[in-house]
Amino acid sequence: MSQIRSSKGIYDLLEKHLRSAAYPMTCVNLMDIEEIRREALKEYGKDVRITTNKLSDLLGFMWRRGLLTRYPAPKDGDSLAKYAYIWDKQEDARPTPSPIPSPASSRRKTSVQIEEIPGGVVIEFDKFTITVKAK
C-alpha cells in the first residue's frame with residue numbers, strides 16, 4: 001500500500017491513518033493512536049520522546065517525497081510539534097514542479113551602463129540611476 005519502498009510497517013500505518021484523517025495531524029496526534037504507537041515503539045525503542053521525534057522525522061521524509069501536505073501545527077497543550085500533516089488529497093499525485101520562467105523571457109531587456117567616477121561608480125538603467133560613492 002505504501003509508496004515508500006520499505007519493509008517497515010510504520011509507513012503503511014501512517015498512510016492508512018493520514019489518508020482517512022479529516023484534518024492534518026501532528027506526530028503527537030499520531031502517537032495517540034494505539035496502533036501507530038505500538039508499531040513506532042517496536043521500531044524505535046521504548047523511549048516515547050525519542051520515538052515521537054523519530055516519527056516526526058519520518059513524516060518530514062514522507063513530506064519531502066511529495067506524499068503529504070504540511071501545515072503549521074496548532075498550538076495546543078504541551079505539544080512541541082511544529083507541523084501537522086495530511087495525505088495529499090489528489091489520488092496518489094506527486095507534486096509536479098511548475099516550470100520556472102526565465103527572467104529574461106518575462107521582461108524586456110534593459111540596458112545597463114556602468115561608469116567609474118572619481119570616488120565611486122554610476123550605474124545607469126533605462127528608468128533610474130544608482131550612484132555609489134566611497135565614504
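Glu-15 and Arg-19 both belong to helix 1 (residues 9-20), where they stand 4 residues apart, about one turn of the helix. Helices (H or I, at least four residues) and strands (E, at least two) are DSSP runs, numbered from the N terminus. The structure is a predicted model, in which local features need pLDDT of at least 70 and side-chain atom pairs count only at pLDDT 80 or more, while totals for chains, interfaces and linings use all residues. Residues are numbered from 1 along each chain as its sequence is written, and side-chain values use heavy atoms, with hydrogens and water left out.

Side chains of opposite charge can pair when their charged atoms come close. A salt bridge is defined as a side-chain nitrogen of Lys or Arg within 4 Å of a carboxyl oxygen of Asp or Glu. Over the whole structure, 4 salt bridges are found. One of them joins the side chains of Glu-15 and Arg-19, with an N to O distance of 2.9 Å. Relative accessible area, computed with a 1.4 Å probe on protein chains only, is called buried under 20%, exposed over 50% and partly exposed in between. Glu-15 counts as buried because its relative accessibility is 1%, whereas Arg-19, at 30%, is partly exposed.

Glu-35 is partly exposed at 27%, and Lys-16 is partly exposed at 39%. In helix 3, Arg-38 and Glu-34 form a salt bridge with closest N and O atoms 3.7 Å apart. These two residues are separated by about one helical turn because they are 4 residues apart.

Rolling a probe the size of a water molecule over the atoms shows where empty space is left. On a 1 Å grid over the protein atoms alone, a pocket is an open set of points where a 1.4 Å probe fits, with protein on both sides within 12 Å along at least five of seven lines; lining residues have an atom within 4 Å of a point. Grid points are joined across faces, edges and corners, and a volume is the space filled by probe spheres set on the points.

The largest pocket holds about 360 Å³ of space. Its lining consists of 17 residues, and Cys-27, Asn-53, Ser-56, Leu-80 and Ala-81 lie nearest the centre. Two or more lining residues come from each of helix 2 (27-31), helix 4 (48-64) and strand 2 (83-87). Helix 4 gives the most, with 8 residues.
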